Amino acid sequence: MTFGFEVIRTDAGARRGLLTTPHGRVQTPAFMPVGTQGTVKALTHRQLEEAGADIILANTYHLSMRPGDALIARRGGLHRFGGWRRPLLTDSGGYQVFSLADRRRVREDGVEFRSHLDGSLHVLTPESAVDIQARLGSDISMVLDECLPYPATHGQARASIDLTARWARRARDRFLALRDGFAGGPPVPLTTPDQAQFGIVQGGVFADLRRASAEATRAVGFEGYAIGGLSVGEPAEVMYEVVEAIAPALPADRPRYLMGVGTPADLVEAVARGIDLFDCVMPTRNARNGQLFTRTGRLNIKNAAYVEDDRPPDEGCGCYTCRTHSRAYLRHLFVAGEITAAVLNSLHNIQFYLDTMRGIRDAIEFGRFESFRQSVRQIWSRSLSS
Ligand SMILES: [Zn+2]
């Protein structure tokens with residue numbers, strides 16, 4: 001299968017779509033569980049498939065540092081190496097490198113950084129980020145962009161979108177050269193030949209810079225477009241405003257991906273503004289901290305109120321955890337520090353996120369997205385303030 005995207009139906013600003021990739025189809029709007037090291041923490045691939053995950057994300061930085069993208073390419077790419085058969089998106093590695101703070105330096109040609117594992121010196125360039133992702137063989141690769149900390153000044157953000165635009169051009173040139181077989185230098189194995197590449201719009205919270213970045217990214221031309229640099233500490237309303245300003249500036253016939261977002265309320269609010277793809281560590285990270293997402297709001301399993309509570313964590317959920325275990329038992333596992341607590345909590349939270357996306361898709365298909373959005377908003381605004 002070759003890469004493609006089709007909007008099947010719209011309901012107000014929300015889009016119901018179908019993304020086709022070399023490793024299968026993705027119903028959108030979709031949530032991508034985060035598999036940092038080539039695995040979603042505490043879950044097996046089978047559990048993810050059963051929960052209905054069409055696509056997962058893997059982190060280029062971590063995999064290139066360990067076990068190394070060359071090793072993974074020799075094992076036939078990340079799908080074959082890791083045994084994941086469905087679509088896979090890789091980030092550029094930039095986000096992790098930029099978060100190394102004092103261990104990295106931004107240059108025109110790329111970012112120089114020291115590995116968090118052994119302190120060795122590396123340079124990640126727009127071209128090397130393309131090459132690493134070609135070796136990993138993801139279905140969707142991301143361009144290297146500069147990730148600014150929040151808050152940034154208008155001047156900093158201006159310089160940053162200009163650098164990101166120059167990097168985007170170089171990343172696209174390298175991607176096309178590899179795909180069309182005229183790249184110079186040592187050969188880079190394309191373990192997934194029909195890999196797609198997404199550009200990334202930056203610009204902080206400044207509407208004029210976001211528009212300029214969207215225009216520059218669109219001018220390069222990609223199979224899909226992402227909005228980066230949000231959910232980094234700005235208020236939710238500001239994030240929604242930025243998404244609302246950017247989404248219409250992106251090509252209507254290409255998928256739109258909001259990176260690193262977010263809460264259930266963020267998902268519906270971004271879908272309402274035309275976003276198709278999401279990823280976030282929140283469901284799995286919170287699960288490991290004992291925080292469950294449920295149809296009535298957040299539930300903190302370590303709370304003493306659940307010590308003898310025989311109810312499942314979420315009475316409306318059909319996941320294995322909710323069908324099998326009580327809050328009392330899950331609380332016991334968490335308090336005792338059992339690794340099963342991480343497994344069962346992660347299973348539920350991922351199921352909750354994927355069910356939320358399914359609810360969103362059904363609502364768009366039946367033309368009742370606005371009422372679905374209101375119901376989610378009610379639950380999560382109440383839950384967040386309590
Ligand atoms: Zn459940």
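A residue is called buried when its relative accessible area is under 20%. In this predicted model, helix α6, which spans residues 126-136, is mostly covered by that criterion, with 8 of its 11 residues buried. The buried positions are Pro126, Ala129, Val130, Asp131, Ile132, Gln133, Ala134 and Leu136. An α-helix has 3.6 residues a turn, so residues three or four places apart point the same way. The residue that follows α6 is Gly137, and the phi angle of Gly137 is positive, near 75°.

The strands were examined next. A barrel is closed by 8 strands, taken in the order β4-β5-β6-β10-β11-β12-β13-β14, with parallel pairing. From one strand to the next, the twist averages 30°.

On the surface, a nonpolar patch is formed by Tyr95, Tyr150, Val205 and Val232. Together these residues have about 350 Å² of accessible area. Among them, Val205 lies in a loop, with β11 (196-201) on one side and α8 (207-220) on the other. β11 is also one of the strands of the barrel. The relative accessibility of Val205 is 33%. Val205 therefore counts as partly exposed, because that class lies between the buried limit of 20% and the exposed limit of 50%.

Technical notes. Residues numbered from 1 in each chain as written. Predicted model: local features only at pLDDT ≥ 70, side-chain atom pairs only at ≥ 80, totals over all residues. Heavy atoms only, no water. Patch = residues over 30% accessible without salt bridge, like charges linked within 9 Å, V, L, I, M, F, W, Y side chains within 5 Å. Areas by Shrake-Rupley, 256 points an atom, 1.4 Å probe, with all protein chains shown as cover. Salt bridge = Lys/Arg side-chain N within 4 Å of Asp/Glu carboxyl O. Helix = DSSP H or I, 4+ residues; strand = E, 2+ residues; numbered from the N terminus. Buried < 20%, exposed > 50% of the residue type's maximum accessible area, 1.4 Å probe, protein only. Pairing = 2+ DSSP bridges. Axes fitted to C-alpha atoms, helices over the stretch in contact; angles between N-to-C directions.
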